[in-house]
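Work through the exercises below with the sequence and the structure in view. Each task is followed by a solution in steps.

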Amino acid sequence: MTNQQLSENYHRGKEVKVSVTDLTKKYDDLLVLNDISFNIYKGEFLCIVGPTGCGKTTFLNCLSRFIPTTRGDILVDGQPADPTHHDMAFVFQEVSTIPWLSVEDNIRFGLKVKRRPPDEVERRTEQMLELVGLKKFRSYFPRQLSASMEQRVVIARNFALNPDILLMDEPYGQLDLKLRYYLEDELIRIWQEIGCTVLFITHNIEEAVYLAQRVLVLGQKPATIKEEIIVDLPRPRNFADPAFVKIRDHVTDAIRWW
Amino acid sequence: MSTAHASALEAPATSRVKGYWKEYNSSVFSLLVFLLIWELVCRLGFISRFQLVPPSEVIVVMIEKFWTAPPDGATLFTHIAASMTLALVGFCAAVVVGVPLGLLMGWYKPVMVLVRPLFDAVRPIPPIAWIPLAILWLGIGIEAKAFIIWLAAFVPCVINSYIGIKLTNPVLIRVARIYGASNWETFIKIGVPSAVPMIFTGLKLSLNAAWTTLVAAELLAASEGLGYMIQMGRRLARPDIIIVGMLTIGFTGALMSYVLTKIESRIASSRRL
């Protein structure tokens with residue numbers, strides 16, 4: 001099957017969750033995002049890769065309404081994206097644990113802001129403590145944890161919500177390989193289990209190919225979509241599988257900016 | 001490297017204690033020399049009794065003042081109680097108004113735009129310059145004095161709360177926003193807790209300002225209070241009374257700061273900050 005056919009098959013009959021049309025973002029005169037248009041399908045796992053500083057984070061910030069767009073629309077379920085209406089979660093690139101809350105209270109934070117019933121808050125918190133292996137550290141404070149443990153707290157806080165849309169901005173950059181592989185698998189498991197839509201931003205090509213159903217490659221600033229690559233490999237995927245390597249090399253070629 | 005390592009191993013705890021004792025002894029020594037010179041200067045008649053009395057007499061007067069009212073009309077405890085009441089009323093009122101105002105100014109732009117010019121206009125005026133106006137408006141009772149202390153304590157409360165909330169980590173604000181928290185909820189759940197350490201610094205500065213202004217405020221007609229006590233000492237030409245008053249002001253102020261610091265470290269340790 002050619003790439004063209006693969007792409008056509010992939011897009012056929014999918015329900016659009018997030019639609020981005022003509023998205024443009026300028027900081028004064030600096031054009032960061034240039035006329036980007038694409039759809040994210042319901043329940044899709046989409047990875048965006050691109051060189052550092054190409055505007056990946058800016059895109060996420062527009063989507064989550066942290067910064068206004070210069071032009072263009074971002075619609076979620078046909079309505080302008082808005083965190084107060086849409087069920088979103090966001091794992092930031094920076095460590096975003098809340099320093100005055102204990103590990104368990106950090107995990108409860110999102111659930112409480114979303115006004116989930118108390119028994120659900122407790123149940124989800126327990127599940128997440130188990131999942132990220134921080135049960136023993138539940139009453140610790142972020143300052144007492146290592147960077148990777150902090151990132152696990154943040155991941156737990158976001159997974160706990162069973163969000164509709166999960167936005168992840170290079171979430172595993174700080175973690176060691178073992179933990180990264182483990183949490184990548186956990187992410188896949190949770191995604192398959194709750195069927196949320198995941199938008200995962202990374203500059204790690206291998207990670208993108210391992211996780212995604214579809215990879216969008218962004219070019220240098222101002223960012224445009226250079227290429228779309230469908231990853232139709234069965235899971236669990238194997239880094240050494242020739243088919244995997246082929247796609248990885250293809251993405252590497254597409255992203256090559258040097 | 002290796003020598004530093006070895007000396008660290010060989011230096012037992014006792015040598016550190018010894019060093020501490022040495023320092024402590026030198027401090028005590030210099031203090032004793034100072035008191036001795038003071039005592040001698042007075043005893044040898046270099047200076048009039050109406051200007052300075054020897055430290056030995058100051059100590060006696062201080063002890064006596066615990067239960068005798070004359071010559072300034074009240075015992076030391078009455079003075080302390082009067083001054084502390086005044087300072088705490090002014091301080092608490094300043095905290096109640098100043099901290100929320102500073103926090104709101106830091107979070108809500110319109111509040112900032114409304115309040116800032118007025119605040120900046122009032123800030124450089126020394127609180128004691130308000131005394132004449134305070135008397136015209138509020139008379140010479142406790143209200144006028146508390147008002148002066150309130151003014152002095154108010155400024156650091158506002159400034160530190162403002163800075164504290166401005167320093168909120170923007171990522172944490174975004175964490176709350178992405179979960180759909182309203183601006184007010186983000187303010188309460190993220191902004192205010194993250195400003196707590198700065199607020200406490202403000203409270204300490206504010207208490208300090210309140211206590212410093214106390215003496216000036218008690219220059220207004222008063223019948224008790226530590227400021228009044230030293231004022232009476234001047235009128236009666238009793239330097240012993242003045243010095244006892246001054247020392248008590250120092251001790252009491254230090255004690256209040258200490259209590260506030262204790263409360264702060266309690267809160268900080270419960271938050272592991």
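**Exercise 1.** State what share of the residues in chain B is buried, and describe how spread out chain B is.

*Solution.* Of the 273 residues in chain B, 36% are buried. A residue is buried if 20 or more other C-beta atoms lie within 10 Å of its own, exposed if 12 or fewer, and partly exposed in between, with C-beta atoms placed from the backbone. The model is a predicted one, in which local features need pLDDT of at least 70 and side-chain atom pairs count only at pLDDT 80 or more, while totals for chains, interfaces and linings use all residues. Residues are numbered from 1 along each chain as its sequence is written, and chains are lettered from A and ligands numbered from 1 in the order in which they are written.

Next, take the secondary structure: chain B has eleven helices and zero strands. Helices (H or I, at least four residues) and strands (E, at least two) are DSSP runs, numbered from the N terminus. The radius of gyration of chain B, 25 Å, is well over the 19 Å that the globule rule gives for 273 residues, so chain B is more spread out than a compact globule. This radius is taken over C-alpha atoms, and the globule rule is 2.2 Å times the number of residues to the power 0.38. Along its principal axes, the C-alpha trace of chain B spans about 75 × 75 × 30 Å.

**Exercise 2.** Locate Gly98(B) and list its contacts beyond four places in sequence.

*Solution.* Gly98(B) sits in helix 4 (residues 76–107) of chain B. Because it has 26 C-beta neighbours inside 10 Å, Gly98(B) counts as buried. Leaving aside neighbours within four places in sequence, its contacts are Phe154(B), Cys157(B), Val158(B) and Ser161(B). Two residues are in contact if their C-beta atoms, placed from the backbone, lie within 7 Å. The C-alpha atom of Ser270(B), 172 residues from Gly98(B) along the chain, is 25 Å from that of Gly98(B).

**Exercise 3.** Describe how strand 1 and strand 2 of chain A are joined.

*Solution.* Strand 1 (residues 16–27) and strand 2 (residues 30–41) of chain A run antiparallel and are joined by eight bridges. Two strands pair if DSSP finds at least two bridges between them.

**Exercise 4.** Is helix 5 of chain A largely enclosed or open?

*Solution.* Helix 5 (residues 147–159) of chain A reaches 18 Å from its first C-alpha to its last, close to the 18 Å expected for its 13 residues; the expected span is 1.5 Å times one less than the number of residues. Ten of the 13 residues are buried, so helix 5 is largely enclosed by the rest of the structure. Among them are Val153(A), Val154(A) and Phe159(A). The buried residues pack against strand 6, helix 3, helix 4 (118–131), strand 7 (165–169) and helix 6 of chain A.
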